Amino acid sequence: MSTVPSKAKAVVIGAGIVGNSIAYHLARLGWRDLVQIDKGPLPNPGGSTGHASNFIFPVDHSKEMTAITADSVRQYRELGTFTQCGGIEVARTPERMQELTRRISSGKSWGVPDSRLVTPAEIKELVPYIDETVILGGFYTPGVGVVDSLRAGTLMREKAVEMGALQTFANIEVLGMDVEDGRIKRVRTDHGDIEAEYVVIATGCWSPRLAKMAGASIPLTPAVHQMKDIGPVPFFADSRGDIEWPIIRDMDTNMYERQHGTGLEVGSYAHRPILYTPEDIPSNALAALSPTEFPFTQDDFDIQDEHSLELMPDIIGDENVREKYAINGILSLTPDGQSEIDLHSSDIARFREHQKTTFHVKARTAEGFNKTYGIVHPSEQYESNRNVRLSPFNDREKELGAVFFETAGWERPFWYESNSSLLAKFGEAVMPRTSEWEARWWSPIINAEHLQMRETAGIVDLSAFALFDVTGPGALALAQKVAVRQMDVAVGRVVYTPVLSQNGGFKSDLTIMRLGKDHFRVVTGGAHGMADKKWFSDQLPADGSAQIVDLTSAFTTIGVWGPKAREILSAITSDDVSHESFKFSTCKMIEIGSLRVLASRISYVGDLGWEFYVPIEQGAKLWDALWNSGKNHGLIPVGIGVYGTTGRLEKSYRAYGGELETEYNVVEAGMQTPKIKEQDFIGKEAHLRHRAEKPVTTLCSLTVDDHTSSTGEKRYMLGKEPILTLDGGPIIDSHGRRSYVTSAGSAPSLGKHVLMSYLPTDLAVPGSKFLVEYLGEQYPVTVAGVGSTPLFDPENGRILS
Amino acid sequence: MNVLVCLKRVPLAGSTFLLTPDSKDIDTKHLGFGISPHEENAVEAGVQLVEQMGGSLTLLTLGPTEAEEQLRSQLAIGASRAILLETDGEDWDPQATAAALVEAVKAEETQFDLLLFGAESADSAGYQIHIRLAHALGLPIVTNVKSMKIENGIAECERVVGTTREIYQTPLPAVITVRDGLNIPRYPSVPGRIQARKKPVDHKKPTAQVPKLEKVSLSVAPSNTAGAQVLGKGAEAVPALVEVLKTIGILA
């Protein structure tokens with residue numbers, strides 16, 4: 001019996017496509033002494049890789065997913081394991097046709113070549129066995145293809161072995177993992193123990209079980225994807241090789257059909273969500289087929305049979321074309337499979353504890369499963385497992401008719417129905433939307449709240465902020481290392497700073513309050529907070545001179561902004577909150593009634609005001625105090641629709657995940673300061689280089705000149721649309737980056753719809769005209785602002801009043 | 001020509017399988033279900049006879065509610081209707097099973113010309129039900145049939161016993177049990193599946209006899225874990241391969 005090496009630099013558990021790819025890429029990056037093990041035999045150990053239908057559609061609404069897909073295809077082509085065949089997403093409904101125009105826009109935004117809309121007749125030409133009368137059209141991508149994933153994995157392993165980097169062992173079962181002092185030490189197997197510095201769990205649907213052995217949790221669940229292979233198909237009798245005909249995605253029925261040799265594979269995401277636990281998956285010996293090919297349950301496929309018959313009656317309706325093979329194939333799905341919001345949507349650090357529970361994973365995966373081919377609105381909300389994190393004033397908000405959206409489990413009011421009376425007051429200034437798509441997950445009340453806040457004041461629930469303190473003698477050094485801006489500031493200063501990766505791209509943007517000589521409080525967005533905390537934690541000094549404490553659930557935050565903010569606050573505090581004694585960008589403890597409150601004078605909405613921090617159990621009392629004082633000054637509740645979109649867009653404030661991401665640098669985002677601090681920080685070298693050169697691209701604010709579509713309806717872009725030249729061509733900077741809308745929303749005080757987009761610096765000129773493509777039509781836009789100069793109140797007179 | 005085919009829902013196991021904690025049954029938590037392979041030959045034969053001669057093909061099984069899955073799959077291949085004698089999921093002993101089948105056949109208005117079985121069930125292989133049924137109905141029976149021809153109310157059946165071939169003729173109605181080699185069973189088509197959903201399946205409550213046979217326990221035979229043996233690579237492997245082929249009697 002073979003034994004495994006007793007030591008390794010890294011152990012990769014799993015020899016599916018992921019484990020093989022990781023082993024290969026580590027080897028390419030110079031890692032040596034790698035050991036890969038799998039419980040099953042090679043080349044097909046029995047996981048999802050062995051039964052996957054293996055096709056790749058390059059266009060996704062997510063920029064990150066599109067980029068990962070493009071790189072995967074490039075690698076598979078290099079390995080000679082990719083067969084291009086083209087693919088068509090077909091539409092049976094007008095709603096889907098609109099969605100396909102959105103696909104076209106995403107293809108243009110992310111630079112996927114040659115995708116185009118095709119008519120039923122054109123589809124018939126490409127796929128003669130389709131019944132074109134049941135479809136309205138399609139989205140054709142010539143670059144679609146299939147990969148031989150088992151072959152690709154074998155080649156990657158072989159290359160890593162050739163480099164002298166890797167040893168792979170099959171039929172090795174992991175029995176346990178030893179963790180000492182929070183670090184992985186060894187992997188215990190039935191063929192001996194392996195000491196390792198790093199262990200990679202790449203076991204797909206089994207990974208929760210493996211992670212548990214190391215005391216970690218990987219929030220994914222094994223789920224069934226049904227597939228039926230029928231044949232032989234007379235029409236494919238002369239087919240050579242794996243695939244020659246375009247793959248069809250029948251989007252409205254959540255199904256696909258692909259030729260495979262002389263057969264036709266029919267797959268579905270339409271059936272009820274069928275979820276398992278890793279413990280339900282049998283060993284190779286106990287499984288009738290492979291461990292992840294569960295017995296096919298025909299009942300769940302009955303409707304799918306009829307749908308596929310409608311689309312391809314010549315093949316599927318042929319009595320002599322018979323089922324060759326049918327499985328309930330096991331895939332692993334994450335609870336946020338549909339996430340399009342977080343650009344770091346592949347980072348496992350994104351998950352909070354409640355998001356790792358089996359309950360949450362199952363509920364969200366079940367809800368997301370049938371949206372696999374769904375028309376998912378950019379603001380779409382989950383229905384399951386809500387009300388996990390509630391602010392202390394949640395009851396007050398409900399009474400005010402709050403409409404809640406979820407961020408990292410928090411229920412955040414996006415607008416308040418109690419403000420609907422403001423609609424009449426502001427009339428057309430709320431920029432009402434007549435099209436259902438743009439009115440979905442939106443309300444004109446958001447714009448009414450915005451306008452009223454600019455007249456009087458608004459109170460905003462900011463409980464979802466992630467807060468953590470950095471303390472200890474090494475706190476300043478840590479803050480300096482992570483933050484671009486100078487952190488050796490007076491106690492009581494509030495610093496808004498970019499956080500960079502080594503290459504000078506954005507890791508985050510956040511606010512740091514200096515609360516003491518050795519005490520900093522980091523305030524960042526709820527969605528990205530976990531990843532920010534991990535980034536800080538990763539930089540902690542080894543000598544223990546600094547600590548990080550998560551205070552997200554210890555403090556709650558309320559914001560009050562508007563011209564009346566000072567009057568509202570003055571009425572309930574004895575502290576001096578005048579402009580002179582409580583300057584912008586500072587924070588201090590003040591008393592509000594019986595509460596000691598940390599007040600921070602900053603603004604993300606462009607008006608005078610403060611963020612107030614109190615222990616979470618005192619939050620309701622603080623809310624009541626501000627609310628009661630505000631009654632005399634026209635205070636209204638204001639939702640995140642204003643805070644996150646309209647208020648910030650008018651002020652050209654950037655958002656992480658929208659404008660700010662690793663692909664762009666500080667100078668391109670227009671966030672460089674005149675001076676740079678002496679102290680070192682992560683990304684400094686790159687940042688200095690970026691400052692020295694002329695930026696390739698520059699972030700701009702554009703306004704839409706004419707919203708009228710060909711049908712005479714006013715349309716409002718929602719984000720991610722391509723920005724085009726006046727003749728409809730793409731705009732690409734010298735680094736190959738395309739211009740697309742990074743954020744979009746109303747600017748009610750300006751009466752405009754504002755789009756942010758990077759533009760090649762030569763084109764980033766105020767007044768320049770371009771087009772934006774939205775749902776298949778093009779609309780004129782004008783550059784209104786270049787760099788970070790706000791469109792509204794450019795002198796910042798309101799904030800500094 | 002009215003044909004009846006009797007089926008049994010059986011688990012489809014991998015290279016090994018688990019037993020339940022009391023060792024009385026196969027643990028089916030990881031397993032799918034099908035019918036015994038020889039029964040697939042019986043259904044195929046029934047479908048072909050009805051295609052050639054007209055009439056009807058009826059399926060009959062005794063088993064849990066879930067056995068309807070197996071009936072629907074065979075209806076998709078071409079049977080006309082099915083009868084499910086529903087149990088609470090416990091395996092019935094051969095005597096009780098046969099009595100229930102007899103009761104169901106007698107209750108049928110249809111006079112069956114041919115009652116087909118697989119030679120044995122894939123899980124328990126009792127080789128009893130068909131004989132008991134034939135006896136109870138006073139019908140002739142031919143077992144283990146690999147070839148069958150029906151003309152003028154006479155079935156001519158060929159069975160293989162060791163190295164000899166036996167050929168029998170029996171008048172219909174008769175019970176015939178079949179095995180692999182009789183035909184190549186077809187798989188369902190999608191239109192077949194869709195039609196099968198609309199075909200009638202009668203659920204009946206059979207009379208349960210007190211079991212006379214008690215299953216005490218099962219044990220899993222030790223499997224040959226040696227697995228595949230690599231004889232060599234390329235031309236070098238030829239002599240070793242020839243040896244193996246001689247040993248198993250393929251080469252002289």
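Predicted model: local features only at pLDDT ≥ 70, side-chain atom pairs only at ≥ 80, totals over all residues.

Student: What span is expected for helix α5 of chain A, and what does it reach?
Tutor: A helix here is a DSSP run of H or I with at least four residues, numbered from the N terminus. Helix α5(A), residues 149-162, has 14 residues. The expected span is 1.5 Å times one less than the number of residues, which gives 20 Å here, and the helix reaches 20 Å from its first C-alpha to its last. Just after α5(A), A:Gly164 has a positive phi of about 75°.

Student: Which residues of α5(A) are called buried?
Tutor: Buried means that 20 or more other C-beta atoms, placed from the backbone, lie within 10 Å of the residue's own. In α5(A) the buried residues include A:Leu150, A:Met156 and A:Arg157.

Student: Why do the buried residues of α5(A) line one face?
Tutor: The arc is taken from the directions running from the helix axis to the C-beta atoms. For α5(A) the buried residues fall within an arc of 165°, so they line one face of the helix. Their cover includes α1 (17-28) and β9 (166-169) of chain A.

Student: What makes a set of residues a nonpolar core?
Tutor: Its members are buried Ala, Val, Leu, Ile, Met, Phe, Trp, Tyr and Cys residues joined through C-beta atoms within 7 Å. The largest such core has 119 residues, and A:Val560 is among those with the most contacts inside it. A second, separate core of 90 residues includes A:Leu100 and A:Val321.

Student: How many residues does each chain bring to the contact between chains A and B?
Tutor: Two residues are in contact if their C-beta atoms, placed from the backbone, lie within 7 Å. Chain B gives 22 residues and chain A gives 20. On the side of chain B, the largest share, 5 residues, comes from α5(B).

Student: What separates domain 1 from domain 3 in chain A?
Tutor: The bounds come from an automatic or database domain assignment, with domain 1 as 1-54 + 148-219 and domain 3 as 466-550. Their centres, taken over C-alpha atoms, are separated by 35 Å.

Terms used:
Residues numbered from 1 in each chain as written. Chains lettered and ligands numbered in written order. Helix = DSSP H or I, 4+ residues; strand = E, 2+ residues; numbered from the N terminus. Buried ≥ 20, exposed ≤ 12 C-beta atoms within 10 Å, placed from the backbone.
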